[in-house]
Amino acid sequence: MVQQTRSGMDVLLDARGLTKRFGDILANDKVDLVINKGEIHALLGENGAGKSTLVKMFYGSLEPDGGEILWQGQKVSIGNPAAARELGIGMVFQHFSLFEALTVVENIALALPNPGRMTELAKRIESVSVDYGLPLNPSDIVADLPVGIRQRIEIVRCLLQEPQLIIMDEPTSVLTPQEADLLFLTLQRLASEGCAVLYISHRLEEVQRICHHATILRHGKVVSECNPANETPATLASMMVGADVASVSAGAQKPKTGEIRLGLNNLSAKAASPFATALNSISLELHAGEVVAIAGVAGNGQGELFDAISGELPVAQEMVRIDGKSCGSRSITWRRRQKAAFVPEERLGHGAVPGLKLSQNIVLTRHATGDRLTGGGFVSTARANALEKHIKQEFDVRMSHDDPEARSLSGGNLQKFVVGRELDRRPGVLVVNQPTWGVDAGAAALIRQALIDLARSGSAVLVISQDLDEIFEIADRIAVISRGYLSAAEPAEDMNRERVGLLMAGGAEAQGEVA
Amino acid sequence: MRLELVKRKERSQKMALLSPIIAIGLTALAAALIFAISGHNPLVGLYKFFVEPLTQEWSLQATIAKATPLVLIGCGLAVCYLSNNWNIGAEGQFVVGALFGSALPILLPEFESGATLPLMLIFGAVGGALWALIPAVLKNWFNTNEILTSLMLVYVASLALDYLVRGPWRDPDGYNFPESRMFSDAATVPDVFGGAMSLSTPITIVIALILAVVLAKTLKGFEIRVMGESPRAGSFAGFSAKRLTLFSFALAGGLAGLAGTMEVSGGLNQLLPTISPGYGFTAIIVAFLGRLNPIGIIIAGFVLALSYIGGEAVQSAMGVSNKIASVIQGLLLFFVLACDTLILYRIRFVSHHAPAGEASHV
């Protein structure tokens with residue numbers, strides 16, 4: 001057994017046969033996991049493989065139904081997160097729990113059991129953060145800080161409690177490549193000091209780069225362990241999925257680009273709230289046959305840009321053109337009738353209504369697009385059911401019973417559904433925000449291929465994404481959004497990660513201001 | 001032992017139907033407790049309150065007469081609540097509707113024709129709708145909280161009614177009593193079924209059935225449900241939240257106003273300082289007890305009307321204050337809302353001990 005060779009004097013955490021059941025679903029099935037001191041340990045798996053369940057048991061927010069956890073050789077029961085922190089287990093969440101209106105030091109004080117005097121805490125924050133290469137100004141207000149810095153606050157908050165194990169849930173999903181590099185340096189420094197890191201990520205390149213050991217979960221079970229340095233991203237991916245992942249083919253490499261189908265012309269919009277981003281004279285033209293991707297770190301105006309193109313955020317008439325027709329102040333329904341289709345980032349609550357059945361969720365975006373879903377003011381249930389069955393088959397949407405409520409689907413399946421609902425219309429213009437966010441490798445490949453195929457059939461596809469791997473995989477041209485400015489879209493073959501990273505970190509802004 | 005709420009994956013259809021029944025059961029238990037604490041036989045109390053009114057024809061008719069305005073108002077409120085518009089001011093809309101509807105027979109008592117009653121009903125609906133549009137417009141333009149504005153307008157409406165029946169609209173031949181002149185036959189809602197009930201009841205049932213179809217089958221009904229559950233998804237679907245706010249308030253106010261007019265021109269035949277025993281507020285309970293579904297509201301309206309009649313019955317038979325009716329109505333709403341938790345959650349009993357796997361090691 002691999003595990004025995006790894007166990008020894010320096011075992012920090014040893015989980016044996018951890019089991020957790022939710023109703024009929026076995027989320028974790030006798031999971032064994034050993035984390036050594038000073039090790040960056042990757043936890044890999046598709047969505048729903050049981051990663052979050054496992055770390056929540058380590059962090060005390062879930063109680064295991066079976067099995068035991070040994071911490072430095074002692075059997076422990078971790079009843080709540082405070083107990084975990086006391087043992088020396090810290091966690092940095094994917095979604096930050098920070099109060100935007102408060103300062104850095106206030107936010108950290110709120111999370112500490114004994115914060116002490118604010119001025120002393122501020123000094124400690126400054127020294128710890130500089131020490132680990134994560135400089136923070138304790139008096140900054142969180143609302144003014146970019147996401148990368150906000151993550152630093154969470155990490156520093158963790159470090160102040162001198163943990164021996166830090167759990168990180170997809171830490172780089174919100175960072176630019178340069179910011180991610182900085183984070184990796186910090187993690188390596190921590191590891192060299194003997195602190196262990198349990199690292200959850202979907203990005204196999206970075207796992208391969210920084211992790212010493214990887215445990216792969218599938219359907220709640222440990223399916224394999226490996227040293228990522230000896231693997232390639234492709235072999236890691238196939239271990240996660242349990243099969244070879246179909247590679248996405250861009251087809252005829254250079255698409256024959258046709259007429260302009262979507263045009264953005266000096267698109268500007270004020271920020272709707274203090275925490276929203278203003279759009280600053282964004283211009284972009286999408287031709288028939290091409291996929292254009294907009295890269296950028298979360299919260300740089302992607303949502304606002306999507307809303308302006310879809311019509312949920314009305315702008316001046318000439319700022320948006322679909323197939324030559326100005327429509328900046330037209331409704332989303334009008335734009336859909338022009339054969340445009342939209343897939344927002346948030347699946348539940350924006351792209352779909354959680355409490356409505358899938359068939360009803362089809363009516364949501366297609367009630368006015370000539371699908372015969374409505375007649376004389378009445379909704380045709382039969383037609384909606386037929387469409388639901390068709391989309392379910394076409395896009396392999398898996399569900400426990402027929403036509404369930406949207407909220408009961410897993411993230412990946414719901415994403416296949418909301419993307420499929422629009423692709424099924426064969427739209428002339430498709431705008432997708434984060435097409436494969438939180439989707440497992442198999443489903444992501446399916447969705448990406450479908451986007452490329454749609455473009456090659458003569459449509460224009462705009463993909464807004466934070467996933468650079470995805471962007472380089474499918475885009476013909478790439479633009480970068482930063483603080484509401486958009487860089488010029490350049491052919492993908494002229495771009496590389498470093499250049500995109502620089503544009504993300506403010507280059508796009510500079511370019512936009514000059515233009 | 002402790003209780004844990006576990007989220008269900010989907011709404012439980014079974015619980016959606018069972019929840020109001022459980023709530024009624026719990027309300028009966030609580031009512032029995034109140035009877036017992038106040039020194040009465042709880043079983044007799046429950047019988048007099050909930051059962052006896054159903055056994056006699058006159059009290060059954062009185063119950064239906066009281067249920068009618070509750071159902072009509074409740075249907076309108078259901079549209080508001082389904083679409084996330086918290087109209088708490090149906091009582092005021094009821095009163096203003098009654099004022100608008102009464103204007104014709106009071107100011108032009110000689111105008112007696114076949115058009116009198118239909119015109120009154122239309123005026124009543126328009127009046128209630130206009131009154132309800134005030135909080136809707138304030139919400140859309142100034143982002144005010146419609147709960148507060150609609151509620152406060154109830155008191156404005158009641159005071160306006162009070163002023164009118166004591167002042168300009170007082171009956172000149174009424175010996176200075178605070179009441180308007182009596183309405184003529186042409187201004188009275190006719191009786192049907194051999195005088196057993198007024199035409200208001202069949203009108204109400206037809207309106208409830210139409211609304212049931214609209215909500216379940218039409219795009220408008222779809223829009224209402226989507227907007228209530230997820231406004232962001234609603235605007236993604238191309239629906240306008242502001243337009244729907246105006247629509248749902250106008251509809252609820254219109255139906256409440258219609259109910260107000262039918263009440264004064266049906267049972268009372270004149271305006272009085274108090275024309276409603278709180279129908280507009282009780283209808284809120286009716287709407288929720290009826291699952292915000294017009295068919296359910298017909299049943300719920302009957303149950304709540306029973307509490308008015310039952311309150312009077314226990315007062316006359318046992319000397320219990322008829323305020324017991326309001327207490328029981330309040331308890332019912334409380335239990336319905338609490339039981340509705342079970343639609344999306346189920347209860348799990350968790351013992352204090354650690355899970356079995358670990359306990360065996362200790």
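How many residue pairs are in polar contact between chain A and chain B, with both residues at pLDDT 80 or more? The count is 10. The views below come from a predicted model.

**View 1. The contact between chain A and chain B.** Chain A puts 38 residues into the contact, and chain B puts in 25 residues. About 2700 Å² is buried between the two chains. Carbon and sulfur atoms give 55% of that area. Two salt bridges are counted between chain A and chain B. The polar contacts number 10 residue pairs, both partners at pLDDT 80 or more.

**View 2. The side of chain A that touches chain B.** Five elements of chain A are labelled here: strand E4 (66–71), helix H10 (302–310), helix H11 (332–337), H12 and strand E18 (378–379). Each gives two or more residues to the side that touches chain B. H12(A) gives the most, with four residues. By class, this side of chain A has 14 nonpolar, 14 polar and 10 charged residues.

**View 3. A salt bridge between the chains.** A:Asp307 and B:Arg232 meet through their side chains. The N to O distance is 2.9 Å. A salt bridge needs a Lys or Arg side-chain nitrogen within 4 Å of an Asp or Glu carboxyl oxygen, so this pair qualifies.

View 4. A:Asn107 sits in helix H4 (residues 104–111) of chain A. Its relative accessible area is 1%. Buried means under 20%, so A:Asn107 counts as buried. Neighbours within four places in sequence are set aside in this view. The residues then in contact with A:Asn107 are A:Leu98, A:Phe99, A:Leu102, A:Val142 and A:Arg157.

**View 5. A:Glu346 in its loop.** A:Glu346 belongs to the loop that links strand E16 (340–343) to helix H12 (358–366) of chain A. Its relative accessibility is 46%. That value lies between the 20% and 50% limits, so A:Glu346 is classed as partly exposed. A:Pro233 is 113 residues away from A:Glu346 along the chain. Their C-alpha atoms are 28 Å apart.

View 6. Helix H10 of chain B covers residues 241–268, 28 residues in total. From first C-alpha to last, the helix reaches 39 Å. This is close to the 40 Å expected at 1.5 Å a residue. B:Asn269 follows H10(B). The phi of B:Asn269 is positive, near 60 degrees.

Methods. Residues are numbered from 1 along each chain as its sequence is written. Chains are lettered from A and ligands numbered from 1 in the order in which they are written. This is a predicted model: local features need pLDDT of at least 70, side-chain atom pairs count only at pLDDT 80 or more; totals for chains, interfaces and linings use all residues. Side-chain values use heavy atoms; hydrogens and water are left out. The expected span of a helix is 1.5 Å times one less than its number of residues. Buried means under 20% relative accessible area, exposed over 50%, partly exposed in between (1.4 Å probe, protein chains only). Contact means heavy atoms within 4.5 Å. Buried area is the accessible area (1.4 Å probe) that two parts lose on being put together, summed over both. A polar contact is a pair of N or O atoms within 3.5 Å; within protein, one must be able to donate a hydrogen and the other to accept it, and residues adjacent in sequence count only if both atoms are side-chain atoms. Ala, Val, Leu, Ile, Met, Phe, Trp, Tyr, Cys and Pro count as nonpolar, Asp, Glu, Lys and Arg as charged, and the others, Gly among them, as polar.
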